[in-house]
Amino acid sequence: MANGGPVCGPISTFSRVRILHALFEGGSAQNDTAQTRAELTIGELCTATGLHPNTVREHLQRLIEGGYVIQASEHRTTRGRPRTLYSAATGAADASSPIARNKAKAAAVRGDLLRRVLPASASALGRDAIYQLDALIEHLEESGFEPVVDDEQLTVDLSPCPHAAGRAEDRPMLCSVHLGLMQGVLTEAGGPLAAEAVRTSAMPADCTVQLRLTEMTAA
């Protein structure tokens, strides 16, 4: 696939996409609830992706540094050395990355500064949702996109997709992983917005993310 974003971006290589897919899908396979997360070892990730252990370790380190993966030691009730486990940072209470939290807070500060310097038209979205968009936009830019937000339609236009030149058969996994990453960013930032779907079209470079307001807005 095309390397559309910075080398440190979470989907800058398809190897990272495969690792993240294994973590996201592993959680789904363990339980029917979306709250369950996979905690996999290096060996299990190698089996799931077909990648060499050194390659997996290198990508995991970059993903941890970016706030997209969490590393923890296995809790053992029997004798033996605890294994190191890796899971996706989803923003949930038990899967929150301090790095991701700090990135979301920093994005909100930069967003407030930009809004003071360049006042925009009033938005119907509340402060929490606006801060979520700040974090999401920075994540998308880190991933190589140039997002255009419509806060009335709750869409984010990512066209042209920098990854469109990649293999067509890889795109479903890429879109699925990036949807999970975007939802993690929104959850970590905290607020009423959730990522609902990535809408593609017959044109490979066309891509739009559909957001939605969750029930917490009614509170």
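This is a predicted model: local features need pLDDT of at least 70, side-chain atom pairs count only at pLDDT 80 or more; totals for chains, interfaces and linings use all residues.
1. Residues are numbered from 1 along each chain as its sequence is written, and side-chain values use heavy atoms, with hydrogens and water left out.

2. Gly144 follows helix 5, and its phi is positive, near 95 degrees. Helix 5 itself covers residues 127-142; helices (H or I, at least four residues) and strands (E, at least two) are DSSP runs, numbered from the N terminus. Its 16 residues reach 23 Å from first C-alpha to last, close to the 22 Å expected at 1.5 Å a residue (1.5 Å times one less than the number of residues).

3. Buried residues of helix 5 include Leu133, Leu136, His139 and Leu140; buried means under 20% relative accessible area, exposed over 50%, partly exposed in between (1.4 Å probe, protein chains only). The partners against which the buried residues of helix 5 pack include helix 4 (98-117), helix 6 (171-189) and strand 5 (193-200), with contact meaning heavy atoms within 4.5 Å.

4. Strand 1 (residues 69-73) runs antiparallel to strand 2, joined by five bridges; pairing needs at least two DSSP bridges. Gln71 stands opposite Tyr86 in strand 2. Four of the five residues of strand 2 (residues 84-88) are buried, so this strand is largely enclosed by the rest of the structure.

5. His52 sits in the loop between helix 2 (42-49) and helix 3 (53-66), and is partly exposed at 47% relative accessible area.
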